[in-house]
Amino acid sequence: MPVAASAIYFLNLRGDVLINRTYRDDVGGNMVDAFRTHIMQTKELGNCPVRQIGGCSFVYMRISNVYIVIVVSSNANVACGFKFVVEAVALFKSYFGGAFDEDAIRNNFVLIYELLDEIMDFGYPQNLSPEILKLYITQEGVRSPFSSKPKDKPVPNATLQVTGAVGWRREGLAYKKNEVFLDIVESVNLLMSSKGNVLRCDVTGKVLMKCFLSGMPDLKLGLNDKIGLEKESEMKSRPAKSGKTIELDDVTFHQCVNLTRFNSEKTVSFVPPDGEFELMKYRITEGVNLPFRVLPTIKELGRTRMEVNVKVKSVFGAKMFALGVVVKIPVPKQTAKTNFQVTTGRAKYNPSIDCLIWKIRKFPGQTESTLSAEIELISTMGEKKSWTRPPIQMEFQVPMFTASGLRVRFLKVWEKSGYNTVEWVRYITKAGSYEIRC
């Protein structure tokens, strides 16, 4: 069920109403007083962003020094409400030159009322795309003097863009050089035991694109996912080519993707928006290629000494390398002195976070590095609890490597004028929550 908002309020930190818009007559005008009395004055704003008072639900979010409150009198989709608030703020910022605060609202209240009438109808969210709304709401907002964002120029053919099937792209685009940039960015989430056994592992990824194409191009993206390859071989009446295939979980697409064609042919076909956008998101839980393996050894020698040995092995290809590798090795709070040796990079003790910080600027593939440390502890009579040994954490970035094994098989661009295009594909794997138990 959509939001079905009865009213929306913009409040400052004191609870004063800056702007409000009522979409339904099922709530009274004093509902904002209930919000001030039961939530703002009791200072329970940070406990839960959804509260029920007097048969109504309040969905609220703080942006800068402004509270945006949506009042709902029925059972509504709260996630949709928060999504509406986030996109509405992005829309306002695009009109105000990047600023959204109490001063920006006071300086642009006429424009905000006009936008509120367009982006929500009878409590149901409508089109919130800045590119489309600026086609027919051409009034410029009062920009902050600190904003350096250039002014957006209005473009013609507003009726076509609002009512057409391709609402995310305007006609008449022309580039001297037609280029497509595609980035596959993945984050590895790992929990590994001290003996190297994987306890939990998954990969979250997203396909980012930046298109500078003339006209109305039609793009087709082919990946090495199992379902897509099986469907392609079935349609061509030939056996599938040998090679690694992966199973994508929890896939979500940008609105430009033709879902009907994806369901029938398992191909990602779309007319792309102009510029940068996120084409799809996915998750992988099986067959993850770990970029690093960490083998820690920690020995507690009595109450005043410890020995720490950490070996890090890079598992990716020898021709690849990782950048910005950081290994955070926890130590007890009563650490007094540290002496360590590393085979690669630099290490230091950071007492503010009780960790040894080991940094390696460039880590080649199929190699290993070792850190050995001797730690002297302060003996305290009052402290009798044993050290809980928090996990070791890693940060890294590996270009041209995907932990999931996802690969782009082809990226085809078709446009009726038949111009030539240049396609660029890049892979990046980063550390999400990469933890190893000691």
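Modeller: A salt bridge is a side-chain nitrogen of Lys or Arg within 4 Å of a carboxyl oxygen of Asp or Glu. Keep that cut-off in mind. This is a predicted model.

Colleague: Which side chains meet in a salt bridge at 3.9 Å, N to O?

Modeller: Start with the general idea. Side chains of opposite charge can pair when their charged atoms come close. Here, Glu368 and Lys311 do so, at 3.9 Å from N to O. Glu368 lies in strand E20 and Lys311 in strand E15 (residues 305-314), so this pair ties together parts that are 57 residues apart in sequence.

Colleague: How many salt bridges does the structure hold?

Modeller: Twelve. One of them joins Asp183 and Arg426, with the closest N and O atoms 2.6 Å apart. That pair links distant parts of the chain: Asp183 is in strand E8 (residues 179-192), Arg426 is in strand E23 (residues 422-436), and 243 residues separate them.

Colleague: Why does Asp183 count as buried?

Modeller: Buried means under 20% relative accessible area. Asp183 has 18%, so it is buried. Arg426 has 42%, so Arg426 counts as partly exposed.

Colleague: Which residue forms a salt bridge with Arg389?

Modeller: Glu300 does, and the closest N and O atoms are 3.3 Å apart. Glu300 sits in strand E14 (residues 292-301), while Arg389 sits in the loop between strand E20 (368-377) and strand E21 (392-399), so the pair ties together parts 89 residues apart in sequence.

Colleague: Now the helices. How do I read a pair?

Modeller: Two packed helices are described by the angle between their axes and the distance between the axes. Take H2 (residues 78-96) and H4: their axes come within 12 Å and cross at roughly 140 degrees. H2 and H4 are therefore oblique to each other. Their crossing is right-handed.

Colleague: What residues in this structure make a nonpolar surface patch?

Modeller: Phe109, Val110 and Tyr113 make one of about 270 Å². Val110 is found in helix H4 (residues 109-119). Val110 is partly exposed, with a relative accessible area of 48%.

Terms used
Residues numbered from 1 in each chain as written. Predicted model: local features only at pLDDT ≥ 70, side-chain atom pairs only at ≥ 80, totals over all residues. Heavy atoms only, no water. Patch = residues over 30% accessible without salt bridge, like charges linked within 9 Å, V, L, I, M, F, W, Y side chains within 5 Å. Areas by Shrake-Rupley, 256 points an atom, 1.4 Å probe, with all protein chains shown as cover. Helix = DSSP H or I, 4+ residues; strand = E, 2+ residues; numbered from the N terminus. Buried < 20%, exposed > 50% of the residue type's maximum accessible area, 1.4 Å probe, protein only. Axes fitted to C-alpha atoms, helices over the stretch in contact; angles between N-to-C directions. Parallel < 35°, antiparallel > 145°, perpendicular 65-115°, else oblique. Left-handed = near helix turned anticlockwise from the far one by under 90°.
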